[in-house]
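Dear colleague,

I am passing on the structure below, together with some notes on its charged side chains. Please read them alongside the model when you have a moment.

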Amino acid sequence: MSSPIEFYFDFSSPYGYLASEKIDDLAARHGRKVKWRPILLGVVFKQTGGAPLTTLPLKGEYSLHDFSRSARFLDVSYTHPETFPINTMHAARAYYWLHDNDCETARAFAHSVYRAYFRDGRDIADLAVVLELATRHGADRATLAEALNSAALKERLKAECDAALAKGVFGSPYISVDGEPFFGADRLPQIERWLATGGF
């Protein structure tokens, strides 16, 4: 089987959320798996000088319109959160802790986090919410709570962000297919054709 597709995202990214609902099925149609890699856009923006779309003049109003329109286009349920953007550090650390034990559990957790934020309007910056979502997927709450405060897991997420930047990741979603980079949920059709044809 060909190498996995790499899917970099932040849990506060609307376009990352939209891509998350489609990327696994798209990859499976072409015999591929996907490596999910949460990062922190705050770290990325420090490197790039970027900022959340909604905070930018003119582009902010457009982006709010486009989030919902893109969701309708992709047939994905979407409600823009009242608090946006939001800190996703706990969710990202929890993902990697879960992933080290079972990648399918981590994937299910990631979907739960994204949907809790962009469908249900829940505060995924709240540690209690993250722990609740993780326990739904079998995590031991006390063990995870302790791990999330550990130096090892903090360093793990930092290392993942640093590695992403080293690969040229500058936003969310950033999807790499055999080293070919695609940025944005609107690139999914290009990714589909790339996988079908071997490139263009």
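E160 and R156 form a salt bridge, with their closest N and O atoms 3.1 Å apart; by salt bridge I mean a side-chain nitrogen of Lys or Arg within 4 Å of a carboxyl oxygen of Asp or Glu. Because they lie 4 residues apart in helix α9, about one helical turn separates E160 from R156 (helices are DSSP runs of H or I with at least four residues, numbered from the N terminus). E160 is buried at 16% relative accessible area, whereas R156 is partly exposed at 24% (buried means under 20%, exposed over 50% and partly exposed in between, with a 1.4 Å probe and protein chains only).

The model is a predicted one, in which local features need pLDDT of at least 70 and side-chain atom pairs count only at pLDDT 80 or more, while totals for chains, interfaces and linings use all residues. Residues are numbered from 1 along each chain as its sequence is written, and side-chain values use heavy atoms, leaving out hydrogens and water.

R156 also meets D100 in a salt bridge of 2.7 Å, N to O. That pair links distant parts of the chain, 56 residues apart, with R156 in helix α9 (residues 151–166) and D100 in helix α5 (residues 89–101); D100 is exposed, at 53%.

A further salt bridge joins D24 and R107 at 3.0 Å, N to O, and it connects helix α2 (residues 23–28) with helix α6 (residues 103–118) across 83 residues. Here D24 is partly exposed at 21%, and R107 is buried at 13%.

The structure holds 14 salt bridges, and E6, R37 and K167 are linked in a network of them.

Best wishes

Technical notes. Helices (H or I, at least four residues) and strands (E, at least two) are DSSP runs, numbered from the N terminus.
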